[in-house]
Amino acid sequence: MTEAAVAIEALVQRRAHFELGPVELAIPAGYVTAIVGPNGSGKSSLFRLMLGLARPDAGRVSLLGRRVGDGDDTAYKTRIGYVPEEAIDLEDKISGDQKAAFVRPWYPGWDVNYYRELLRRFEIDAGLKLGKMSKGMRRKYDLSLAMAHHPDLLLLDEPSSGLDPIAWKTMIDVLHRYMERGDRTIVMASHIVDEVRRLADYIVFVVHGRVLGMYEKDALLESWQTMYVDDAGRSTDWKAMPGLRGFEAAGGTTYRIVTDSAHAAERWLAEAGATLVSKQKLELDDILIHLTEHARGVM
Ligand SMILES: Nc1ncnc2c1ncn2[C@@H]1O[C@H](COP(=O)(O)OP(=O)(O)OP(=O)(O)O)[C@@H](O)[C@H]1O
């Protein structure tokens, strides 16, 4: 894995009814990493801690090689674009263009042509007051603003929340193009499986404030499979099968099995003398449901 765009070490945040961490995470530069997990699992909290918008009780975060909260934040903040989960109400009375004029001096890389191009693609009139924009319009405006200085690192907290299907496709295209250069990084929280499938290279799975794993998406999709197997009544010890995640009788001497280690499972079946009747990859949402249920069971 290449250099970490986001490095998190022993990060802890304690609240009255919720504890995040300890989190250890190295998010690679040059890729899209999706942070997924159930409602209230701590994704937005993690984003706020990453950006120094909330203080941790313990631990450290570094963005683009610079420690967050270490005095001079401008060195990395000018290289970052952030879209928070909720728009900021305090800005409701100013127009999109007024906000752009306000933030523009902070960013040496500000590109007014690209800003206008994004607004045009998203069909946003930035002369409108931010408070008068619909939720989806505001989201598209916020995304355009966050990208207008060509950031090296884009942090997106549920970027497609409120977008209609056409705007959603535009967003996917805009983000794909952003990644084309090869050295940029996106970290995004998302509940939209299709978005994760289309954009993410890595998936970080968060449940109850804990990072339960970081997975390479293609490997994840390759290794989780449903298999129909027939052991011809041999009383096979299925519990010994590598990566067993689900098991049920499927009639006669046939069983339906879910494994998260397909290759090892196939080898094991051959050694056990069982016949692999058919196999099918799981959809990403089914994998995430399995992981969530498993996590709830062990926590
Ligand atoms: N300002 C706050 N003060 C105290 N607790 C908070 C605060 N913000 C969030 N929490 C709590 O922290 C936990 C995690 O919330 P967070 O918003 O990080 O989850 P999330 O994974 O982003 O959820 P969702 O998918 O619903 O957006 C929740 O239990 C929430 O109640």
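**Notebook: contacts, sheets and ligand shell**

I began with contact range: among contacts in the protein chain between residues at least 6 apart in sequence, 68% join residues at least 24 apart. I counted two residues as in contact if their C-beta atoms, placed from the backbone, lie within 7 Å. I note that the model is predicted, that local features need pLDDT of at least 70, that side-chain atom pairs count only at pLDDT 80 or more, and that totals for chains, interfaces and linings use all residues. Residues are numbered from 1 along each chain as its sequence is written.

**Entry 1. The chain overall**

I looked up the extent of the protein chain: its C-alpha atoms fill a box of roughly 75 × 40 × 35 Å, taken along the principal axes. I recorded 10 helices and 14 strands in the protein chain. Helices (H or I, at least four residues) and strands (E, at least two) are DSSP runs, numbered from the N terminus. Of the 299 residues in the protein chain, 37% are buried. A residue is buried if 20 or more other C-beta atoms lie within 10 Å of its own, exposed if 12 or fewer, and partly exposed in between, with C-beta atoms placed from the backbone.

The domain assignment gives domain 1 (4-219) and domain 2 (225-281); such bounds come from an automatic or database domain assignment. I found the C-alpha centres of domain 1 and domain 2 to lie 41 Å apart.

**Entry 2. The sheet with β1**

I then traced an open sheet of 4 strands in the order β2-β1-β4-β5, with antiparallel pairing. Two strands pair if DSSP finds at least two bridges between them. β2 (18-28) and β5 (66-67) stand at the edges with a single partner strand each, so one side of each has no neighbour in the sheet. Strand β4 (residues 58-63) runs antiparallel to β5 and is joined to β5 by 2 bridges; Ser62 has Arg67 as its bridge partner in β5. Helix α1 packs on this sheet, where α1 touches β1 (4-15), β2 and β4, and the direction of α1 makes about 115 degrees with that of β1. Axes are lines fitted to C-alpha atoms, for helices over the stretch in contact, and angles run from 0 to 180 degrees between N-to-C directions.

I counted 8 bridges between the antiparallel strands β1 and β2, which form a hairpin with 2 residues between them. Ala7 has Ala26 as its bridge partner in β2.

I also checked Ala10, which is found in strand β1. Ala10 counts as exposed because it has 12 C-beta neighbours inside 10 Å. Leaving out residues up to four places away in sequence, Ala10 touches Pro22, Glu24, Ala58 and Gly59.

**Entry 3. The ligand shell**

I listed the residues around the ligand: Arg15, Phe18, Gly37, Asn39, Gly40, Ser41, Gly42, Lys43, Ser44, Ser45 and Glu85. By class, the shell holds 1 nonpolar, 7 polar and 3 charged residues. Ala, Val, Leu, Ile, Met, Phe, Trp, Tyr, Cys and Pro count as nonpolar, Asp, Glu, Lys and Arg as charged, and the others, Gly among them, as polar.

**Entry 4. The sheet with β11**

I found another open sheet of 4 strands, ordered β12-β13-β11-β14, with antiparallel pairing. β12 (244-249) and β14 are at its edges, each with a single partner strand, so one side of each lacks a neighbour in the sheet. Neighbouring strands of this sheet are turned by 20 degrees against each other on average, direction ignored. Helix α9 (residues 262-272) packs on the sheet and touches β11, β13 and β14; the direction of α9 makes about 5 degrees with that of β11.

I followed strand β11 (residues 225-230) on both faces: Gln225, Met227 and Val229 are on the covered face, and Thr226, Tyr228 and Asp230 on the uncovered one. β11 pairs with strand β13 (residues 254-259) in the antiparallel sense over 6 bridges, and 6 bridges also join β11 to the antiparallel strand β14 (residues 275-281). Met227 has Ile257 as its bridge partner in β13 and stands opposite Lys279 in β14. Val229 is bridged to Tyr255 in β13.

Methods: Near = placed C-beta within 6 Å.
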